[in-house]
Amino acid sequence: MPVMTYREALKTAMADEMERDDSVVMLGEDIGVYGGTHVITDGLLERFGPKRIIDTPIAEGGFTGAAIGMAMTGLRPIVEMMTWNFSFLAADQIIQNAAKLRYFSGGQVTVPLVIRGPNGGGVQLSAQHTHSLEGFYGHFPGLKVVSPATPADVKGMMLTAIRDPDPVIFLEAGALYGTKGEVADGDATVPFGKARVAREGTDVTLIAYGRQVNLLLKVAETLAAEGVSAEVIDLRSIRPFDAATIVESVRKTHRAVVVQEQWRWFSVASEVAAVIQEEAFDDLDAPVERVSGAEVPAPYARNLELAAFPSEAQIVAAVQRVLYRT
Amino acid sequence: MATETGPAPTGAIQGAFQAGVVPQDGAAAFRAPLDHVDVGAGTITASVAPASAGDGGLDHETLREMYRFVALARALDERIWQLNRAGRAPFVVSGQGHEAALVGAGFALDRANDVVLPYYRDLALCLVFGLSARDVMMSVLARAPDPMSGGRQMPAHYGSARLRIVSSSSVVASQLPHATGTAYAAKLRGTGQVSLACFGEGAASKGDFHEACNFAGIHRLPVVFFCENNRYAISVPQSLQMAIDNVADRAAGYGFPGVVVDGTDLLAVHRAVGEAAARARRGEGPTLVEAKVYRFHPHTSDDDDRTYRSQDEVKAWRAWDPLARFEARLREVGALDDRTRAEIAAGVAAEVEAATDAAEAAPFPDPATFDRYVYDGG
């Protein structure tokens, strides 16, 4: 299988789908001549022309609303948010319109819309460019929310997202755009609502999504050297949510640590912990641990930023606690 | 509420209100819908559509059809208020006073092809585009056959995919960006469709209005922005909503024409929107048409308009009741007489009655279906 970066895999999926389906259009700031501020759409203007690759005015609510209108009348727009932080400007369009139109039209209207962009931090852009919005968007019925961590998944899930008849919040791991991995050629779709066992193990289940999956794989290596076999689960999809894969793993390991970059309160990790206690309470040998971002706006200085996000040491310490080794 | 002790929003309005003078945003007295369009001062950039004359070039059959829609919208609106006051309809959003503008606009479009994005006062437009009184009443009473949403959305949030009436949100102006999207899709695919996007003057304060007009101007989209300026956003008068007389004046800033029209003159609106739609179809881009109208009733059944406008003002505007004006015009040109008027009135009354009966006899939605339509296949 060819090896490509997360960035290339993402672009490949969108370009392939634009070739296959001429109802797919793209809107966003600087996505045309400039190729995207994160160089995701580079070359697409030349391939597909300005009618389908639309450089928009700086107006997130306006172009997201336009995309909703397009989606309601048969196009399949992909909206780029320069960063997910800027989606707050379009929150009414996303939450009050895209998410509710099918319901409020009694099923007459569909909104096949993908909104995508970099989520989370780790690249020193501070708190107005750094947000982890999976818990926020995952809260709203009517939206689908995914957070792929690998090049293979970002391609496969983007193909699925574009073909999905409902609005999809596509949260890319911005810090991982340059990471490489094997990506299957062709129509290698990855379904929503199916978590991935990224590493098998028997002693403890480590659960994350997005860039924290890579952190967990490193932690699993460290733990292996200490004789602890960790299973790593990549959620991939926040809504719909795959409880079965988590529960199956916890029934085997009896211990779980959930890791996320976002804040702890009212978060995805909280939901995962609740699901485990609801569905696997009798299998647990220790309380579920959550390792989360610190309750501060993401800071700029490298050392401050590192201090605000989950670290290998914090995760190892949480694992030690659930193993009662402290 | 205008109080003796509270701070006045502006001296002129408050003073006029207390003195019992019609508070026409500071003007001394009310005369006609276009009185405050200060053409002579040279402050406006919009053009003013001329008043209509005669039959507007339409055959009598079409004129009577238009009249019937105005009368039907009025009768249906009145019935919904009655049901509300009798405790049988939970909520009313009224469009009385807007009907002629909406019927004029609707008839100016291709009703078999164009796309409309109404807001909650646009009952008359939706009737013109094919919703029936029965459809509307099912929604008002939240019954299972409600074709808008199956009892999920509030009344007056019209939507029919089949009739190209785009479902909208309660949040004002949020439909305007959608209209740029429907117009963009039409242009990309060459469908020849024009999108008519309706909103009130209050919605023109929203960022969505600006962002939509800007986008539509840039891409010269086939869209008509149709502002129904009824002078109040719930209680807030136009003078506290904007520092200018005409929403249409803003069109110049987006690179397309703005037109002010007397919204109580059905045929004047018909011509203004017709010209805007023709311009859009020729690929020349958007137009902002602002119809000056007046809302005769409170904002909704939850509003008491006596707290913010004098009943003298409401009474003065009744002289420009669009239904009465259009009826007088039709009589003048010989398109309506006592007999045809009575026939239409009887037909409308029967339709409203049948719609009410059908809706009251219809079942409520099955509670087991409450979570249907959240996602595809759900």
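1. A salt bridge is counted here when a side-chain nitrogen of Lys or Arg lies within 4 Å of a carboxyl oxygen of Asp or Glu. Across the interface of chain A and chain B, this rule finds 0 salt bridges. Over all chains, the count comes to 41 salt bridges. The structure under discussion is a predicted model, and the points below should be read accordingly.

2. The interface itself deserves attention next. The size of an interface is often given as the accessible area lost when the parts come together. Between chain A and chain B, about 3000 Å² is buried, and carbon and sulfur atoms give 62% of this area. On the side of chain A, the residues that lose the most area to chain B are A:Tyr103, A:Phe104 and A:Gln108, which together make up 22% of what that side buries. The contact takes 42 residues from chain A and 34 residues from chain B.

3. Within chain A, one salt bridge joins the side chains of A:Glu80 and A:Arg116, with a distance of 2.7 Å from N to O. The two residues are 36 residues apart: A:Glu80 belongs to strand E4 (residues 76–80) of chain A, and A:Arg116 to strand E5 (residues 114–119) of chain A.

4. A second salt bridge of chain A is formed by A:Arg211 and A:Glu261, whose closest N and O atoms are 2.6 Å apart. A:Arg211 lies in the loop between strand E10 (204–208) and helix H8 (212–225) of chain A, whereas A:Glu261 lies in strand E13 of chain A; the pair therefore ties together parts that are 50 residues apart in sequence. A:Arg211 is partly exposed, at a relative accessible area of 22%, while A:Glu261 counts as buried at 6% relative accessibility.

5. A further salt bridge connects A:Glu312 with A:Lys218, and the closest N and O atoms are 3.9 Å apart. Because A:Glu312 lies in helix H12 (residues 312–322) of chain A and A:Lys218 in helix H8 of chain A, the pair ties together parts that are 94 residues apart in sequence. A:Glu312 counts as partly exposed at 26% relative accessibility, and A:Lys218 is partly exposed with a relative accessible area of 49%. Elsewhere, salt bridges that share partners join A:Glu17, A:Arg20, A:Arg163 and A:Asp187 into one network.

6. Strand E13 (residues 256–263) of chain A, which holds A:Glu261, pairs with strand E14 of chain A in the parallel sense over 4 bridges. A:Val257 has A:Glu289 in E14(A) as its bridge partner. From E13(A) the chain crosses through helix H10 (residues 268–280) of chain A to E14(A), and this β-α-β crossover is right-handed. Why can strand E14 (residues 289–293) of chain A be described as largely enclosed by the rest of the structure? The reason is that 4 of its 5 residues are buried.

7. Turning to chain B, the model shows 11 helices and 8 strands. Of the 378 residues of chain B, 57% count as buried. An open sheet of 6 strands in chain B has the order E1-E7-E8-E4-E3-E2, with parallel pairing. Its edge strands, each pairing on one side only, are strand E1 (47–48) and strand E2 (115–117) of chain B. Strand E7 (residues 258–262) and strand E8 (residues 287–292) of chain B pair over 5 bridges, and B:Val261 stands opposite B:Ala291 in E8(B).

8. Two helices of chain B illustrate how buried residues are arranged around an axis. In helix H9 (residues 311–318) of chain B, the buried residues are B:Glu313, B:Val314 and B:Trp317. They cover an arc of only 100° around the axis, which puts them on the same side of H9(B). These buried residues pack against strand E5 (232–233) of chain B. In helix H10 (residues 322–332) of chain B, the buried residues include B:Leu323, B:Phe326 and B:Leu330. The buried residues of H10(B) fall within an arc of 160° seen down the axis, so they line one face of the helix. Their packing partners are helix H2 (60–85), helix H3 (99–107), helix H8 (266–281) and helix H11 (338–361) of chain B.

Notes. Residues numbered from 1 in each chain as written. Chains lettered and ligands numbered in written order. Predicted model: local features only at pLDDT ≥ 70, side-chain atom pairs only at ≥ 80, totals over all residues. Heavy atoms only, no water. Buried < 20%, exposed > 50% of the residue type's maximum accessible area, 1.4 Å probe, protein only. Pairing = 2+ DSSP bridges. Right-handed = clockwise from strand over helix to strand, strands pointing away. Arc of directions from axis to C-beta. Contact = heavy atoms within 4.5 Å. Buried area = accessible area lost by both parts, 1.4 Å probe.
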